[in-house]
Amino acid sequence: MTAPEAEPRLALDPARTALVLVDLMERIVALPLEPHKGTEVLATAEELASAFRKAGALVVLVRVERSGVLEQPPGSGLVAGLVAEGDLEIVKRTIGAFQGTGLDERLREHGVSTLVFGGIATNLGVESTARAAGDLGYDLVFVKDAMAAFTSAEHDASVRLDFPRLGTVVTAGEVRFSAG
């Protein structure tokens with residue numbers, strides 16, 4: 001007799017859920033990151049984005065632009081091929097993605113109430129955006145293998161200490177959508 005299969009930790013409603021991927025830009029993905037390489041984070045994020053699109057859920061791609069400069073540094077665009085038709089691209093000028101970007105209004109227009117996070121850096125752009133989202137009343141999910149930081153200690157502090165207080169922490173393999 002085999003053991004019963006464990007129930008998935010999540011049953012996300014695709015009509016009310018968005019995947020928010022923070023700062024997956026060429027120059028940031030190329031940085032030395034821990035505990036996952038930028039390319040590993042990117043691969044996991046791309047798989048998640050594909051699953052979200054297939055389920056009919058919104059994908060939000062956030063990138064940062066420096067204020068007060070005539071030209072952004074090389075590699076400041078999102079990684080080539082990351083954006084698909086129907087995705088929402090947000091340009092931020094602060095650590096978090098809500099301040100002055102219209103992101104909250106755009107999410108509400110789509111009926112979104114749950115945000116699933118990935119990106120770089122775990123303890124900076126991802127956490128700052130998530131904290132603001134929590135303050136705005138969104139339910140939060142953190143995909144710990146779809147993010148990285150400059151050190152493992154920074155990543156782990158967010159994933160083990162902060163994120164469980166703000167929402168649900170999962171792996172990409174645990175992300176599931178509810179049927180119908």
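Author: Residue numbers start at 1 along each chain as its sequence is written. The model is predicted, so local features need pLDDT of at least 70 and side-chain atom pairs count only at pLDDT 80 or more, totals for chains, interfaces and linings use all residues, and side-chain values use heavy atoms, without hydrogens or water.

Reader: What makes β1 mostly covered?
Author: Buried means under 20% relative accessible area, exposed over 50%, partly exposed in between (1.4 Å probe, protein chains only). In β1, 6 of its 6 residues are buried. Thr17, Leu19 and Leu21 point one way, Ala18, Val20 and Val22 the other.

Reader: How do you know that β1 and β4 pair?
Author: Two strands pair if DSSP finds at least two bridges between them. β1 and β4 run parallel and share 6 bridges, so they qualify. Ala18 sits opposite Leu115 in β4.

Reader: And what about β1 and β2?
Author: Those two are parallel as well, with 5 bridges; Leu21 has Leu61 as its bridge partner in β2.

Reader: Which classes line the largest pocket?
Author: 8 nonpolar, 2 polar and 5 charged residues.

Definitions and conventions
Ala, Val, Leu, Ile, Met, Phe, Trp, Tyr, Cys and Pro count as nonpolar, Asp, Glu, Lys and Arg as charged, and the others, Gly among them, as polar. Helices (H or I, at least four residues) and strands (E, at least two) are DSSP runs, numbered from the N terminus.
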